[in-house]
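Good morning, and thank you for coming. Please look at the structure on the screen while I go through selected parts of it.

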Protein chains: 2
Amino acid sequence: MTSRGRARASDRRARGAVVASGKIDFTDAGCFELPYAPVAEALLPEGPWKVVEGGVCAAKGFKVAGYKAGLRAKGTRADCALIVADEDATCAGIFTTNIMCAAPVTYCKKQLAGKPTARALLINAAQANAATGDQGAADAQATAEELSKSLGVAEEDILLMSTGVIGKRIKLDKLMPAIPILSANVESSTAAANAAATAICTTDLVRKTVAIEVQIGGKTVCMGGMAKGSGMIHPNMATMLGVVTCDADVTPEVWRNITSRAGAASFNQISVDGDTSTNDSLVCFASGKAGNAKITSVDSAEGKLLEQALTAVCRGLAKAIAWDGEGATCLIECNVSGAADDEDARVIARSVVCSSLAKAAIFGHDPNWGRLACAAGYAAPVKNRFDQNDLKLSLGPHQLMDKGQPLDFDAVAASRYLKEVTGVHGTCVVDISVGNGSGRGQAWGCDLSYDYVKINAEYTT
Amino acid sequence: MTSRGRARASDRRARGAVVASGKIDFTDAGCFELPYAPVAEALLPEGPWKVVEGGVCAAKGFKVAGYKAGLRAKGTRADCALIVADEDATCAGIFTTNIMCAAPVTYCKKQLAGKPTARALLINAAQANAATGDQGAADAQATAEELSKSLGVAEEDILLMSTGVIGKRIKLDKLMPAIPILSANVESSTAAANAAATAICTTDLVRKTVAIEVQIGGKTVCMGGMAKGSGMIHPNMATMLGVVTCDADVTPEVWRNITSRAGAASFNQISVDGDTSTNDSLVCFASGKAGNAKITSVDSAEGKLLEQALTAVCRGLAKAIAWDGEGATCLIECNVSGAADDEDARVIARSVVCSSLAKAAIFGHDPNWGRLACAAGYAAPVKNRFDQNDLKLSLGPHQLMDKGQPLDFDAVAASRYLKEVTGVHGTCVVDISVGNGSGRGQAWGCDLSYDYVKINAEYTT
């Protein structure tokens, strides 16, 4: 690069990647570069769909932008994103149950309780707007009003998400002027989708985005999502944010049901360290532009397929978050079968991936069936307690337990399996069967390493 | 020591500290030495009682022994203990809720469901007799029958506890011959109580024992306890065992109520890593030898005082277990007030001491109010959600939050507080108020250090 080229790049960064025309350059490396690995894509469950380009712009009817408003304490990365639906889109959300929930969470819950559609979602990183009291609520309201004005849509059609430092007000002096710029720059492109997916990240090591297309009722339906998670900024929790856009035509009631179940089977089944953030949010839009006959029942073939597809996208994103857990050397996937029902199976699977002892053992390449079985056994009250003598347990291809007792397995080979999956930051699979029931469930987590402690202990005020 | 002296000491160790007469030498350092710090005593809550000598032998009516049967894979430490009541003692227990519970847990629950008294409790370390199937149940039964025979008491008066490696049968060839020796050697002495408290430890760094006397109804009532916890033997969990002996005269129903509540306010409020073992057990005996008028109501002044005293002993022991958590550099005590009721307060306190993020922050001397407040906010469903704007939070003498928002506190001084308490393996106090309710609760845990990961990851099969 010539010195003149460097100067131009530096100018662009200083101006938040807006070039002279007022147009954001979504290819600006300073703002929008984040190491990318197709993790969400690689971890997407298989099904009757195919992966496509475009992230949250893959579905018809949505435009997106990312921008650097200057909210972050350091670095050149973009820090805010906007998703706009061309027309009213059916919208459903799931939010943190944390009592200390952030102002934007309270705001979204109120909005979505009032009406089943939305037009725009503004996301900022760097300040979480949590533990900010009445002033935080007023700040959220102010950004929504500014966005309403600059987009020309009603304020009740606006949604908000924040992630970052808690206990700090959003830097409104930076965010407010950015809102009209974001509004003027939304577009439907892979570059814009990637820019948005990068802008919402905090300390994520990779950006997380995936899109698929699936044939529903003879029409091609697209859906794409982006997520951030595992980033830890003092003194914030590892907030998870997820956004999915879809162009299926579906009634609000069905979409709400499907979103709720897809979220329960994905984002609610991952754990990095068991802490539930003040800001966790998942919002799913459906524009209805795919031209399919409107889906009016969750039990119809079309409703079921839509739910499968949304669950797959959410799982791809959620698994990518667990994979990117702080200090992780592998993703842990626990598959539970034979439980009385799916909910029991999920509770057991979650207990296993949350066990510090099991996570530390996997990090240490120790095929420690005892810790895994114990975590299955102390799972939060399940409706139907299983019989300990029915428990079977495998680690990858190695069966370690049968009938509730350890087998005489090849410990060296089982340890080698863990060395291999952690060596490539792969997936460690734990299969547990607890009986003859039809209940199945999955959960995902990551191992517990020295780096987890380092990352979370070595920030000193 | 002369070479002859060394030879004698070595002979004694080889024979499990039994000298020629068949008498166990409870002062044998090879068997019964464990670094002792008066942790349970130092951490005992204050009240109208005074600390006395004697551990589980302090109360009238109990005899104790510890012995080295040869159950451990290595080391010279004793590995089994026996507590015998001179006559039928009122007895109550609390046991793990883990579905994968060990054979001795199933055995004790059956025994105590059948009758409200017991005569003897046999405890072994080194093998947990968990994940051992029907054979494990048969092994437990065999040891109980042997003990019944050698003590001359009915088998339905026998209780059992085990801790150690799970998935392995108890070494019956070692334990069975030890049972008559233990039976023949029980005595009421501080040395025997200490020997027993040492014998039940696994990787505990200190033995945990405390005894108090308290005036109830004009009579001196003694109670003493011992506990083990935080020891981790592959692939076992950090099993907690607790035993309390008391000489109060009390009805079985009152004793059961009091034990249940004291356990809920102590052993159930500690967490080292959130894992609930297959073997956790607390058993409390009351011999009735103190000569007090029989306590027949939990609401009488005497009943209340007895409950306070038992709660104090259990808390002293439980806090000592948390203090001795793997890799811990401090005990964390969380005091919650202002909740709707005590149970809500306890749930919130437990959530805080279980938070990996908060534990890592304390290890790193980071006065991270955000992680503490967040953990309070996501506590498992409380009956009455508090208002986030009512939250107050202090770390030691430093108030960090008020009205749900951070204060402009002295971060350097607050960090120094954490440096000081971790520097001396002291107690880090977190005070949280969530409103104006009368509910109060406490929980105890420890910080999360590199050593925790090291201890739990670096065992490789």
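In chain B, the loop between strand 5 (158-162) and helix 6 (172-185) contains B:Val165. Helices (H or I, at least four residues) and strands (E, at least two) are DSSP runs, numbered from the N terminus. B:Val165 counts as buried because its relative accessibility is 16%; buried means under 20% relative accessible area, exposed over 50%, and partly exposed in between, with a 1.4 Å probe and protein chains only. Between B:Val165 and B:Ala309 there are 33 Å in space, C-alpha to C-alpha, and the two are 144 residues apart in sequence.

Residues are numbered from 1 along each chain as its sequence is written, chains are lettered from A and ligands numbered from 1 in the order in which they are written, and side-chain values use heavy atoms, with hydrogens and water left out.

How confident is the predictor in chain A? Its mean pLDDT is 91, and 93% of its residues reach 70 or more; pLDDT is the predictor's confidence in each residue, from 0 to 100. Residues 1-15 of chain A, however, stay under 50, and the model gives them 12 contacts beyond four places in sequence. A contact means heavy atoms within 4.5 Å. The pLDDT is also below 50 over residues 231-236 of chain A, a stretch with 33 contacts in the model beyond near neighbours in sequence. Where pLDDT is low, the predicted coordinates should not be read in detail.

Next, a position from a record. UniProt lists A:Thr239 under "active site"; its positions are given in the numbering used here, feature names are shortened, and annotations may be inferred rather than shown by experiment. A:Thr239 is placed in the loop between strand 7 (219-228) and strand 8 (241-246) of chain A. Is A:Thr239 buried or exposed? With a relative accessibility of 0%, A:Thr239 counts as buried.

Let us turn to a sheet in chain A. This open sheet has 6 strands in the order 13-12-11-14-10-15, with mixed pairing; two strands pair if DSSP finds at least two bridges between them. Strand 13 (405-406) and strand 15 (439-446) of chain A are at the edges with a single partner strand each, so one side of each has no neighbour in the sheet. Strand 12 (residues 398-402) of chain A runs antiparallel to strand 13 of chain A, and 2 bridges join them. A:Met401 has A:Pro406, in strand 13 of chain A, as its bridge partner.

Back in chain B, helix 11 (residues 356-363) is mostly covered, with 8 of its 8 residues buried. After helix 11 of chain B comes B:His365, with a positive phi near 60°.

Finally, how do the chains relate?

Methods. Predicted model: local features only at pLDDT ≥ 70, side-chain atom pairs only at ≥ 80, totals over all residues.
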